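Thanks for coming. I will walk through one structure this morning, a residue or two at a time.

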Amino acid sequence: MLAESKQVVNTAELGERMKVSPKYLRKLAGPLERHHLIRSVQGIYGGYTLDRDSKEITLAMLFDAFDEDINITGCTSKEGCPLNEECLTRPVWEHLEKLVSQEFHNINIYKIVGNKFDR
């Protein structure tokens, strides 16, 4: 919704549209603000807006803001797998995660809002 409106959107509006509590949205806003993905606007007509163009904000940046890794399986997570290097499928999962990660760097908010994906 922030990317669609190009205007300041308050958490009450955003929460109603997304079916989540405004309080929860305010919690999410902190990391996004610290990573300069959104910015808050104070005052009676305040709220949030994107801090940069929607074409510049990628899915990878969103994951980074919340200190999340892009994992498609627990096998390659930080905790690792008990089989680790003995596992025959681990290289496959690592390869697939690399591909997914590359795509997360290519998919931006603009593409998501406009459903503009290469098919």
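Threonine 49 touches Leu2, Gln7, Val8, Ile38, Arg39 and Val41, leaving aside residues up to four places away in sequence. Keep in mind that this is a predicted model. Threonine 49 sits in strand E2, residues 47-50. Is threonine 49 buried or exposed? Its relative accessible area is 10%, and the cut-off for buried is under 20%, so threonine 49 counts as buried.

One of those contacts, Arg39, comes up again in a salt bridge. How many salt bridges does a search of the whole structure find? It finds two. In one of them, the side chain of arginine 39 meets that of aspartate 51, at 3.8 Å from N to O. This pair links distant parts of the chain, twelve residues apart: arginine 39 belongs to strand E1, and aspartate 51 to the loop between E2 and H4. Arginine 39 is partly exposed at 41% relative accessible area, and aspartate 51 is partly exposed too, at 32%.

The other salt bridge joins the side chains of glutamate 94 and arginine 90, with 3.0 Å from N to O. These two residues are in helix H5, and because they are four residues apart there, about one helical turn separates them. Glutamate 94 is partly exposed, with a relative accessible area of 38%. Arginine 90, at 12%, counts as buried.

That brings us to helix H5 as a whole. The helix runs over residues 90-106, which makes 17 residues. Which residues of H5 are buried? They include Arg90, Glu97 and Phe104. Looking down the axis of H5, its buried residues fall within an arc of 40°, so they line one face of the helix. Part of what covers them is helix H4, residues 59-65. On the other side of H5, Pro91 and Lys98 are exposed.

H5 also holds tryptophan 93, which is partly exposed at a relative accessible area of 30%. Trp93 belongs to a nonpolar patch on the surface, together with Ile72, Val92, Leu96 and Leu99. The accessible area of the patch comes to about 390 Å².

Now to helix H3, residues 22-34, where leucine 25 is found. Leucine 25 is buried, with 9% relative accessible area. Leaving out residues up to four places away in sequence, leucine 25 touches Thr11, Leu14, Gly15, Met18 and Val20. Between the C-alpha atoms of leucine 25 and tyrosine 48 there are 10 Å, and along the chain the two are 23 residues apart.

Last, a word on backbone angles. Histidine 36 is not a glycine, yet its phi is positive, about 55°. Where is histidine 36 found? Its place is the loop between H3 and strand E1, residues 38-41. At 49% relative accessibility, histidine 36 counts as partly exposed. Aspartate 67 is not a glycine either, and has a positive phi of about 55°. Aspartate 67 lies in the loop between H4 and H5. With 65% relative accessibility, aspartate 67 counts as exposed.

That is what I have for today.

Definitions and conventions: Residues are numbered from 1 along each chain as its sequence is written. This is a predicted model: local features need pLDDT of at least 70, side-chain atom pairs count only at pLDDT 80 or more; totals for chains, interfaces and linings use all residues. Side-chain values use heavy atoms; hydrogens and water are left out. The expected span of a helix is 1.5 Å times one less than its number of residues. Buried means under 20% relative accessible area, exposed over 50%, partly exposed in between (1.4 Å probe, protein chains only). The arc is that of the directions from the helix axis to the C-beta atoms. Contact means heavy atoms within 4.5 Å. Patches are made of residues with over 30% relative accessible area and no salt bridge: like charges are joined within 9 Å, nonpolar side chains (Val, Leu, Ile, Met, Phe, Trp, Tyr) within 5 Å. Accessible areas come from the Shrake-Rupley method with a 1.4 Å probe; for residues, only the protein chains shown count as cover. A salt bridge is a side-chain nitrogen of Lys or Arg within 4 Å of a carboxyl oxygen of Asp or Glu.
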